[in-house]
Amino acid sequence: MLEYIAHILIELCFIYPLFMSWVWISGGIYYWFHYEKNYSNPKHLPKLDHFPHIALIAPCYNEEANVEETIVNLLAHAYPNFEVIAVNDCSQDKTGQILDALATKYEKLRVIHHLQNEGKAVALTTAALLTNAEYLLCIDGDALLDNNAARWFLRHFLGSSRVGAVTGNPRIRTRSSLLGKIQVGEFSSIIGLIKRAQRVYGRLFTVSGVCVMFRKAALSDVGYWSNESLTEDIDISWKLQIKHWDIRFEPAATCWILMPETIRGLWSQRLRWATGGAQAILKYATIWSSWKSRRMWVIFLEYTISLVWAYSMASVFILYLLHFFIDLPHYMNITSILPEWAGLFIAVTSMTQIAISMRIDSRYDHQIWRNYLFTIWYPIVFWLLSMLTTVVAFPRALLRRSHHRGLWVSPDRGYQ
């Protein structure tokens, strides 16, 4: 029995990511032809019947190096009926002063100051409650939003009253290091392609918190963002979909973002993402008792299998290290962690997935192909990172107190 289990776990380490890669590839291709090819061409802006009032919201914490560029970019948005709301979440640098100076120059800008660090979820909720806008376009305090993004988002909301949120298409600005270049491929081949494939199914694991628009009525229906979550974007995605609000993906609504370019910064970011994902899974595990939530079962199951995969990979690494020091049973004696028969297939699949996703996203990011060859390192660097952060994050989420507020700290912004 133990021999059989060991064999299954070892096979899962390499079969699962291969299988999911082809699921994402096929789903992404279907999405491209069915939803994207003829409807998300950035050269042809969507025509709107009317222009409802929207709020462009930027929660900020210690963003003195980037916040002015971000806010000025928002104020230049190509939409006739909007306001900009910046929430300074008790920054310890000059973010508040910069925002106040901008508010004296621009009539459309409102600045809200928190007297203590409340976290991004509370900052977003504060802005949502202090505006009468029907739709809220939320970005991070260091991001640059495409000037036509609001039109691309709104075409979904105006076309269906059941749309509660539409997530955009984040593009990487920090491309000066190997980690930055690899992340360009990751955001296309993994994050972008997964959202396309999940959208074909009809449910998304999460919106991209750095670039997303919400219907305020939908947020009110679910009680806005949860302040205990480390990743408010994952939590609000589940809250909305469990209440049967539709979430969509709009690839033409781009937003240019800064990402970590150091191992330490990347580890911190991905550990927070993984912990937030685990929090959501634990919080919403009750969906299995509700037939009305059955469409979320597949998303939950996908995460659960990925969790098993992470611990299986960790077990394989541990057994590989142990074989140098002790004698193990033959079925547990792993003398190589490199796949043999599957090695070439894994490499070909990975590069195929990245090539297809880059071909799709090249419509929105014309320089994306410059980073293609660097992504050959993706399976090694990010598979390992994903495995380690998942293994560490799940027990952290289990032990984290449910009432403990999800605060933020200043992240690594890369080599700008």
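Analyst: Rings of Phe, Tyr and Trp (for Trp, its six-membered ring) form a pair if their centres lie within 6.5 Å, and the pair is called stacked when the planes are under 30 degrees apart, edge-to-face when they are over 60, and tilted in the rest of the cases. The model here is predicted, so local features need a pLDDT of at least 70 and side-chain atom pairs count only at pLDDT 80 or more, whereas totals for chains, interfaces and linings use all residues. Residues are numbered from 1 along each chain as its sequence is written, and side-chain values use heavy atoms, with hydrogens and water left out.

User: How many aromatic pairs does the structure hold, and how are the rings of Trp-238 and Tyr-284 arranged?

Analyst: A pair of aromatic rings is described by the distance of the centres and the angle of the planes. The structure holds 13 aromatic pairs. In one of them, the ring centres of Trp-238 and Tyr-284 are 6.0 Å apart and the planes make 15°, so this pair is stacked. Trp-238 belongs to helix H8 (residues 232-242) and Tyr-284 to the loop between helix H9 (263-283) and helix H10 (297-322), so the pair ties together parts that are 46 residues apart in sequence. Helices (H or I, at least four residues) and strands (E, at least two) are DSSP runs, numbered from the N terminus.

User: Where does the charged end of Lys-108 sit?

Analyst: A charge sits over a ring if NZ of Lys or CZ of Arg is within 6 Å of the ring centre and within 35 degrees of the ring normal. The charged end of Lys-108 sits over the ring of Phe-82, 4.0 Å from its centre, and that of Arg-199 sits over the ring of Tyr-35, 5.8 Å from its centre.

User: What is the order of the strands in the open sheet?

Analyst: Strands of a sheet pair through backbone hydrogen bonds, either parallel or antiparallel. Two strands count as paired if DSSP finds at least two bridges between them. The open sheet has eight strands in the order E3-E2-E1-E4-E7-E6-E8-E5, with mixed pairing. Strand E3 (109-113) and strand E5 (144-145) stand at the edges with a single partner strand each, so one side of each is left without a neighbour in the sheet. Strand E1 (residues 54-60) pairs with strand E2 (residues 82-88) in the parallel sense over seven bridges, and the bridge partner of Ala-58 in E2 is Ala-86.

User: Which strands do helix H2 and helix H8 touch?

Analyst: Contact means heavy atoms within 4.5 Å; axes are lines fitted to C-alpha atoms, for helices over the stretch in contact, and angles run from 0 to 180 degrees between N-to-C directions. Helix H2 (residues 67-75) packs on the sheet and touches E1, E2, E3, strand E4 (135-139) and E5, its direction making about 160° with that of E2. H8 also packs on the sheet, touching strand E6 (163-172), strand E7 (211-215) and strand E8 (246-257), with its direction at about 155° to that of E8.

User: How many residues of E7 are buried, and which way do they point?

Analyst: In a regular strand the side chains alternate between the two faces of the sheet. Five of the five residues of E7 are buried: Cys-211, Met-213 and Arg-215 point one way, and Val-212 and Phe-214 the other way. E7 runs antiparallel to E4, joined by five bridges, and antiparallel to E6, joined by three bridges.

User: Which polar atoms does the side chain of Gln-241 reach?

Analyst: A polar contact is a pair of N or O atoms within 3.5 Å; within protein, one must be able to donate a hydrogen and the other to accept it, and residues adjacent in sequence count only if both atoms are side-chain atoms. Gln-241 lies in helix H8 and is buried, with a relative accessible area of 2%. A polar atom of its side chain lies 2.7 Å from the backbone oxygen of Leu-204, and the side chain of Gln-241 reaches the backbone oxygen of Ser-237 at 3.1 Å.

Key: Buried < 20%, exposed > 50% of the residue type's maximum accessible area, 1.4 Å probe, protein only.
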